[in-house]
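Follow along in the sequence and the model.

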Amino acid sequence: MSADSVRDVLVDTGARVRAEVRLAELTTLRVGGPATVADCESTDSLVATVRALDAAKIPTLILAGGSNLLIGDDGFDGVVVRVATGAVRLGAESVYAEAGAPWDGVVAATVEAGAGGLECLSGIPGSAGATPVQNVGAYGVEVAQSLRRVELLDRTDGVRRWVEPAELGFGYRTSVLKHRDDALVLAVEFALDPAGRSAPLRYGELAKSLGAADGETRPAADVRAAVLALRAGKGMVLDPADHDTWSAGSFFTNPVVPADREAQVRAAITAHVGDVTIPTYPDPGGVKFSAGWLIERAGFAKGFPGGGARATLSTKHTLALTNRGSASADDLVSLARTVRDGVAERFGVVLEPEPVTVGVRL
């Protein structure tokens, strides 16, 4: 469908239509072929645009921060709706953010206002609207812990409504909103601690850096600074000059092994790497293993495969797949398959990708 035809469909929506946009320009992995893009700078425009495209039965891809996407080199045959909304409003004990607001900007605004609760989620790229979709988490904190409500557009009937967290089926890096397109996040609202205390510190590395015991709190500003420093050291804070940050963050989720398979997996690890301490964490589904630890012990070191490859593991952090400057989506898919299959062969654990894939399959 031509860009002019799309403009005719969206004539009264307030969207700005652009033709032949390279999606690599809109994603943190910096890969992705061409597409027609409709920029929506207000929530009303976003709603009107999606309703009009759905009524015309035009395929759509919703894109905001582009931090959790791996888009194929052929691009997208439809319309990419870019969520460019960005309003953030602070209340006495809460923060409201439109879906397109850069997430770290939301966190920064809460900390600067003297409020706590979101500081452990500092430095995470992407938009506010994506956070409940994948139950974003880091350093012992998940979005589900402080989320108050989410405004959704139901694309089956075009109705806008607020929903409570109990309706979203949160789990580890997932929710009922993930891998579906019939509900679009328009805005989010989070509870805050007006006294400026951080969330209880549950992540050992972070607590140690702050001289805190497990479960203690610290001023939110101190925790944010510590988190940003830790993330930067792992190449997990966006920096155009650092190819280790040309990534989708953690590419694989930490695998949860059912309790009845734990002994088998532990035996496989011991057989391959010897009698070592294996980092695991309790999980309702069984036992959670560290994906990064498994990747490295399976023989995939930081920077793998090296040698001038266009796509490699981060030189700072084995869980991130990175574009070294000229990688294609196929390069990244090939690397992801190599790592996934190597871990499965050695330890019997199949790693699951965290990013949403469009036009490619692992």
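A polar atom of the Ser175 side chain lies 3.1 Å from the backbone nitrogen of Leu177. The backbone oxygen of Pro132 is also listed, as the table shows. Polar contacts are pairs of N or O atoms within 3.5 Å; within protein, one must be able to donate a hydrogen and the other to accept it, and residues adjacent in sequence count only if both atoms are side-chain atoms.

| Backbone atom | Distance to a polar atom of the Ser175 side chain |
|---|---|
| Leu177 nitrogen | 3.1 Å |
| Pro132 oxygen | 3.2 Å |

This is a predicted model: local features need pLDDT of at least 70, side-chain atom pairs count only at pLDDT 80 or more, and totals for chains, interfaces and linings use all residues. Residues are numbered from 1 along each chain as its sequence is written, and side-chain values use heavy atoms, without hydrogens and water.

Ser175 sits in the loop between strand S11 (159-163) and strand S12 (183-191). Strands are DSSP runs (E, at least two residues), numbered from the N terminus. Ser175 is buried, at 7% relative accessible area. Buried means under 20% (1.4 Å probe, protein chains only). Not counting residues up to four places away in sequence, Ser175 touches Pro132, Val133, Leu168, Gly169 and Phe170. Contact means heavy atoms within 4.5 Å.

Cys40 is buried at 0%, and Cys120 at 1%. The whole structure has 0 disulfides (cysteine sulfur pairs within 2.5 Å).

Strand S2 (residues 34-40) has 6 of its 7 residues buried, so the rest of the structure largely encloses it. S2 pairs antiparallel with strand S1 (residues 16-22) over 5 bridges. Pairing requires at least two DSSP bridges.

Definitions and conventions:
Helix = DSSP H or I, 4+ residues; strand = E, 2+ residues; numbered from the N terminus. Buried < 20%, exposed > 50% of the residue type's maximum accessible area, 1.4 Å probe, protein only.
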